[in-house]
Amino acid sequence: MALADTERGAAPCGDSSSLFSEVVELNVGGQVYVTRHKTLVAVPDSLLWDMFSKKSPKELARDSKGRFFLDRDGFLFRYILDYLRDLNLVLPDYFPEKSRLQREADFFQLRDLAKRLSPRMSKDNSISEEISQSDTDEGAPQCGPSGAADALRTASVGGAVRSPSLDSRKSGYITIGYRGSYTIGRDIQTDAKFRRVARITVCGKTSLAKEVFGDTLNESRDPDRPPERYTSRYYLKYNFLEQAFDRLTEVGFHMVACSSTGTCAYTSNDPNEDKIWTSYTEYVFCRE
């Protein structure tokens with residue numbers, strides 16, 4: 001195999017980088033990436049630079065298919081790789097994972113990237129090699145009466161001061177769905193076992209769902225959905241439907257529609273036995 005021949009080659013002047021092929025396959029937390037070797041060693045003294053220039057392929061962990069394995073966040077690694085390609089990174093309009101991405105940058109010893117991720121970014125969510133002084137000064141409050149007056153005029157609309165967080169929130173729809181069941185026994189009132197929520201699903205735009213639910217959102221069924229796309233495969237880690245309602249209310253959503261379907265079945269052929277009702281219900285919430 002070509003890979004075996006490459007590994008058997010001698011590194012000139014102690015340089016291990018020649019032991020790697022030009023194109024490298026990585027398995028990062030179960031996500032497969034294919035990139036050029038020079039991309040991985042683009043930042044000197046970083047963890048990837050050390051792995052792929054100072055070590056030999058035999059020293060690195062591999063998965064069952066021979067790909068180099070990194071036990072890190074496979075979703076966020078795409079942004080690490082984007083940064084390494086040209087030392088410039090533009091994040092999506094809404095990106096709630098900045099703190100986690102900063103942690104990944106720290107782990108991979110990309111100090112400049114970690115510094116630029118914390119705490120302030122430019123208005124267009126752009127991370128680049130240069131931060132101009134004007135960008136740095138924009139975030140500072142203006143001194144003097146004219147600066148204060150301009151700030152007040154900007155913040156006030158119709159005599160009321162608007163919250164910046166309210167201005168930045170996106171409008172849109174989120175649909176909450178659940179499949180539940182309950183049992184009605186022969187004595188309808190005393191034997192009723194009410195709703196059991198099996199799973200609370202979330203449908204809507206990916207970025208909006210992440211904004212609203214954050215860490216309570218389980219993305220395992222659709223982990224790589226881009227922020228601008230829509231999904232119906234997310235679900236919540238909540239045990240109660242009302243927890244989702246409370247969260248949506250807190251961030252400015254209100255319910256605009258609801259629909260439900262249900263089926264009934266007996267646990268046995270005896271009509272006197274318990275009836276099991278299974279239902280699927282959707283609640284549509286809107287934020288304008």
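User: Where is the place of R287?

Analyst: R287 sits in strand β13, residues 275-287. Strands here are DSSP E runs of at least two residues, and helices are H or I runs of at least four, numbered from the N terminus. The model is predicted: local features need pLDDT of at least 70, side-chain atom pairs count only at pLDDT 80 or more, and totals for chains, interfaces and linings use all residues. Residues are numbered from 1 along each chain as its sequence is written, and side-chain values use heavy atoms, with hydrogens and water left out.

User: Why does R287 count as buried?

Analyst: Buried means under 20% relative accessible area, exposed over 50%, partly exposed in between, with a 1.4 Å probe and protein chains only. R287 has 3% relative accessibility, so R287 counts as buried.

User: What lies 2.8 Å from a polar atom of the R287 side chain?

Analyst: The backbone oxygen of V251.

User: Why is α10 called roughly perpendicular to α11?

Analyst: The axes of α10 (residues 206-213) and α11 (residues 241-250) cross at roughly 100° and come within 9 Å. That makes the two helices roughly perpendicular. The class covers 65 to 115 degrees; under 35 is roughly parallel, over 145 roughly antiparallel, the rest oblique. Axes are lines fitted to C-alpha atoms, for helices over the stretch in contact, and angles run from 0 to 180 degrees between N-to-C directions.

User: Which residues of α10 and α11 meet?

Analyst: E211, V212 and F213 in α10 meet A244, R247 and L248 in α11. Contact means heavy atoms within 4.5 Å. By class, this contact has 4 nonpolar, no polar and 2 charged residues.

User: What makes α10 largely enclosed by the rest of the structure?

Analyst: Burial of its residues: 8 of the 8 are buried, so α10 is largely enclosed. Among them are T206, K210 and F213. After α10 comes G214, with a positive phi near 55°.

User: How do you know that β1 and β2 pair in the antiparallel sense?

Analyst: Two strands pair if DSSP finds at least two bridges between them. β1 (residues 23-28) and β2 (residues 31-36) have 6 bridges, in the antiparallel sense. In one of the bridges, L26 partners Y33 in β2. The hairpin has 2 residues between the strands, and G29 takes a positive phi near 60°.

User: What makes β2 and β3 the edge strands?

Analyst: The open sheet has 3 strands in the order β2-β1-β3, with mixed pairing. β2 and β3 (68-70) each pair on one side only. β1 and β3 pair in the parallel sense over 3 bridges. N27 stands opposite F69 in β3.

Technical notes:
Ala, Val, Leu, Ile, Met, Phe, Trp, Tyr, Cys and Pro count as nonpolar, Asp, Glu, Lys and Arg as charged, and the others, Gly among them, as polar. A polar contact is a pair of N or O atoms within 3.5 Å; within protein, one must be able to donate a hydrogen and the other to accept it, and residues adjacent in sequence count only if both atoms are side-chain atoms.
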